[in-house]
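Visitor: Please take me through one part of this model up close. Give me the numbers and the cut-offs behind them.

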Amino acid sequence: MNIGIVGLGLIGGSMAKAIRYNTDHTVFGDDISREVISRAKLLEAIHGELTDEALESCDLLILALYPNDIADYVRRRVSHIRKDAVVVDCCGVKESICEELVPLAEEHGFTYVGGHPMAGLEVAGFANSKTDLYKNASMILTPVGLVNFKAVEMLKAFFLTIGFSRIEITTPKRHDRMIAYTSQLAHIVSSAYVQSPAAVEHAGFSAGSFHDMTRVAKLNEDLWTALFFRNKEELTVELDAIVDRLKAFSEALHNEDADKMRQMLANGRKIKESLAERGPESDYGSH
């Protein structure tokens with residue numbers, strides 16, 4: 001199978017390396033940076049550049065771009081996408097992307113399936129891409145519109161082959177609702193937490209809790225701002241809810257209400273324990 005990957009950053013670069021390492025597929029890559037394309041060829045992450053001619057030969061096209069760039073790329077190159085090709089994106093929001101790409105797919109005849117690999121690091125770029133980034137991770141697929149079930153089955157088998165351990169099939173709306181909580185809210189809370197003046201004095205006073213809370217504050221603000229605003233309705237619900245819960249903790253302290261504090265902490269512990277009992281299969285994976 002000929003595979004094109006657009007965007008050779010952490011996600012796309014890791015896709016390319018995982019495909020090259022685990023399969024015999026031919027991989028073509030495209031990136032805004034000529035240096036990245038050259039580096040990817042030098043390191044044999046791709047067989048060659050995704051030119052118009054190469055794109056016309058691709059059975060599968062993987063879009064690993066910023067959310068605001070995905071539909072624009074497809075519109076510009078759509079005449080070179082084969083009618084029997086399958087296009088899947090890797091964007092962290094799904095409803096707005098699907099709303100843009102489904103009509104394009106139906107108009108021009110190719111198959112589009114929304115996708116989101118639940119894996120990542122707190123660093124970006126091709127230089128940080130890894131062959132095993134997707135090992136044991138979950139891949140979410142959101143087929144909508146005129147669903148090509150054969151293409152979905154192909155994608156499930158393909159992603160399992162390159163390292164994913166679970167394929168989650170869901171709707172774009174449910175994806176965005178869940179990701180608002182499991183990923184986007186966590187990044188906002190981490191960013192807010194690390195902006196305390198006490199953070200600069202943490203040395204010698206911190207351990208695992210500080211590391212866990214601050215890890216995802218090291219983010220790409222351009223990418224995450226775009227993701228947040230494309231999912232603002234779902235994210236606002238989660239953000240407002242956690243603000244209310246934090247206010248309840250603050251009020252318990254101000255009112256010296258130890259019983260209320262103990263009850264809220266016990267509620268959190270019980271929920272966490274119930275999640276742990278379900279096992280790792282209940283998680284979407286690291287992101």
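Guide: Threonine 111 counts as buried, at 14% relative accessibility. Buried means under 20% relative accessible area, exposed means over 50%, and partly exposed is in between, with a 1.4 Å probe and protein chains only. This is a predicted model, in which local features need pLDDT of at least 70, side-chain atom pairs count only at pLDDT 80 or more, and totals for chains, interfaces and linings use all residues. Residues are numbered from 1 along each chain as its sequence is written, and side-chain values use heavy atoms, with hydrogens and water left out.

Threonine 111 sits in strand E6. Helices (H or I, at least four residues) and strands (E, at least two) are DSSP runs, numbered from the N terminus. Residues up to four places away in sequence aside, threonine 111 touches Ala85, Val86, Val87, Asn148 and Ala151. Contact means heavy atoms within 4.5 Å. With asparagine 148 there is also a polar contact, side chain to side chain, of 3.2 Å. A polar contact is a pair of N or O atoms within 3.5 Å; within protein, one must be able to donate a hydrogen and the other to accept it, and residues adjacent in sequence count only if both atoms are side-chain atoms. Arginine 82 is 29 residues from threonine 111 in sequence, and their C-alpha atoms are 9.5 Å apart.

On a 1 Å grid over the protein atoms alone, a pocket is an open set of points where a 1.4 Å probe fits, with protein on both sides within 12 Å along at least five of seven lines; lining residues have an atom within 4 Å of a point. The second largest pocket holds about 1,100 Å³ of space. Grid points are joined across faces, edges and corners, and the volume is the space filled by probe spheres set on the points. The lining counts 43 residues, and Gly9, Ala64, Leu65, Tyr66 and Leu223 lie nearest the centre. H4 gives the most to this lining, with five residues.

Asparagine 128 is found in the loop between E6 and strand E7 (138–142). Asparagine 128 is partly exposed, because its relative accessible area is 30%. Beyond its neighbours within four places in sequence, asparagine 128 is in contact with Leu10, Leu121 and Val123. Arginine 262 is 134 residues away from asparagine 128 in sequence and 43 Å away in space, C-alpha to C-alpha.

Phenylalanine 126 has a charge over its ring: lysine 17 lies over the face, at 4.7 Å from the ring centre. The test for a charge over a ring is that NZ of Lys or CZ of Arg is within 6 Å of the ring centre and within 35 degrees of the ring normal.

Next, ring against ring. The structure holds five aromatic pairs. One of them joins phenylalanine 158 and phenylalanine 159, edge-to-face, with 5.0 Å between centres and 65° between the planes. Rings of Phe, Tyr and Trp (its six-membered ring) pair if their centres lie within 6.5 Å; planes under 30 degrees apart count as stacked, over 60 as edge-to-face and the rest as tilted. Phenylalanine 158 is buried at 5% relative accessible area, and phenylalanine 159 is buried at 0%. The rings of phenylalanine 159 and phenylalanine 164 have planes at 90° and centres 5.6 Å apart, so this pair is edge-to-face. Phenylalanine 159 and phenylalanine 164 are both buried. Ring pairs link Tyr134, Phe158, Phe159 and Phe164 into a cluster.

Finish with another threonine. Threonine 214 is found in helix H8 (residues 208–214). Threonine 214 is buried, with a relative accessible area of 14%. Its side chain reaches the backbone oxygen of phenylalanine 210 at 2.8 Å. Residues up to four places away in sequence not counted, threonine 214 touches Ser190, Tyr193 and Val194.
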